[in-house]
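Keep the viewer open and follow the stops in order. Each one gives a selection and then what is found there.

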Amino acid sequence: MAQFPTDQTTPTLSLPPRLRLLSHASAASLVDSDPEDTGPQMGLREQLLRAKQLLLQLKGLGQTPDTPGLQQNLAMLRLTIRSLETGEANQSQLQDIRLVLDEVTRHLNLQSQQRRILNNHEDQRSQLTEWFENAIQKDIWPLDGVRELANHLYREYLLQAPPLWWYQATPDEPFLWAASHGLNTAQVLQRMLHPVRFSSRHIQNAILAGLLHDLGMTRLPVKVLAAQEQTNSTTRQQWRHHAPWLAERLRPYLKPEEFDVALAIAQHHERLDGSGYPMKLKQQELIDLGRQLAVADSYAALCQPRPHREAYSTRKAVQLVLQEARQGRLDQIAALLLLPWASAPVGSLVELADGSTGKIIAWNQLATSGDWKPIIVMGSNHESLRFLDLDVVRDRHIIRVV
């Protein structure tokens, strides 16, 4: 059975041995050990060694020529190395060289961090996919691994508040597709449910339900999932009953405090007005977690492409979910939990009421007002950056997403 990662902290930049560029002997050959050799000359040789190390690291990261910033940084480094190898540079030029090397170092660190994040996401998805395959194909259902993943996502979000990562997959690979949609839905739920308003148990149950809720769909033929073949009476019955089937299959493996997970999964296609399926349940028969899962599932599905349509923008997806709520199909309170972060996700460029613009870098889920408040970075370069927490600065607000 797949093993999921436990609590992970962000590692420091660590390059594999093949990128450790110079032996002690070769490094010593570049730095004169003469005690008389001090001052700018020693600085030049140190920077030459550093520049050559950075050049090889940059070339060795496996980046393609069209990677943003790669060609510019390679060109800057080659020019810098040529300048340093002449052995002639005054203090002002040496300072400029150090700035170049610092900029390239920042680029390398960013690329390494992004690669670690990508690898972490792919590891989580591949492990959940493997668990899905074992459950359906080998009838192996114990939930310890999925619980560990749910707990990891919960802790990671509380500690780091990372941006929502949209996993992409197609129904041609049913287990990968179900795992991707499960991870997307789980992330939406954990952003909907404010820790001040909901207990940690409720949030963890929600994440667990989000991860698992569409596993039953993998029992359908691939051509039906990919809209390449129409449903017949058998597949139509499987489609309509996949949620309660999965709920009953999971129930023996759930702890007593997790029983709402099975009930929410069974109800996530029901609608408040009785128009859902398969039981045609109505508002008073649906639990809170079932209503929340229905909203998160709808929103996550709208934000991803399907065989019959393109993905909607996050803003349009929110509008469609709210429209369903106004029509009495989805829970309005749960739908409003998507606002405002879903219409202006992390990374959005926004205009404030005073005419200034900035980029949202996080949503403060523990704002003193009890509502979600964005943290915005203002400025265009490292020296002029300012951070604006709209929970603290109450005289400004977002008027539009640019």
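Helices (H or I, at least four residues) and strands (E, at least two) are DSSP runs, numbered from the N terminus. This is a predicted model, in which local features need pLDDT of at least 70, side-chain atom pairs count only at pLDDT 80 or more, and totals for chains, interfaces and linings use all residues. Residues are numbered from 1 along each chain as its sequence is written, and side-chain values use heavy atoms, with hydrogens and water left out.

**Stop 1: a loop residue.** Select Asp139, in the loop between helix H4 (91-138) and H5. Its phi is positive, about 60 degrees, although Asp139 is not a glycine. Asp139 has a relative accessible area of 47% and is therefore partly exposed (buried means under 20% relative accessible area, exposed over 50%, partly exposed in between, with a 1.4 Å probe and protein chains only).

**Stop 2: a helix pair.** Next select H5 (residues 144-160) and H7 (residues 200-212), which pack at an angle of about 120 degrees with their axes 9 Å apart. Axes here are lines fitted to C-alpha atoms, for helices over the stretch in contact, and angles run from 0 to 180 degrees between N-to-C directions. H5 and H7 are therefore oblique to each other (under 35 degrees is roughly parallel, over 145 roughly antiparallel, 65 to 115 roughly perpendicular, the rest oblique). Show side chains: among the residues that meet are Val146, Leu149 and Tyr154 in H5, and Ile203, Ile207 and Leu211 in H7. Contact means heavy atoms within 4.5 Å.

**Stop 3: the core.** Which residues touch the most other members of the largest nonpolar core? Select Trp131, Met192, Leu211, Tyr299 and Trp341, out of 75 residues in that core. Such a core is a set of buried Ala, Val, Leu, Ile, Met, Phe, Trp, Tyr and Cys residues joined through side-chain atoms within 4.5 Å. Helix H6 (residues 174-192) gives the most to this core, nine residues. Centre on Met192: leaving aside neighbours within four places in sequence, its contacts include Gln292, Val295, Leu338 and Trp341.

**Stop 4: around H9.** Ala227 lies in the loop between helix H8 (222-225) and H9. Ala227 also has a positive phi of about 60 degrees without being a glycine, and at 56% relative accessibility it counts as exposed. Move to Thr235 in helix H9 (residues 233-250). At 7% relative accessibility, Thr235 counts as buried. Beyond neighbours within four places in sequence, Thr235 is in contact with Leu220, Pro221 and Val224.

**Stop 5: a cis bond.** Finish at Pro278, in the loop between helix H10 (259-267) and helix H11 (288-302). The peptide bond from Tyr277 to Pro278 is cis, with omega near 5 degrees.
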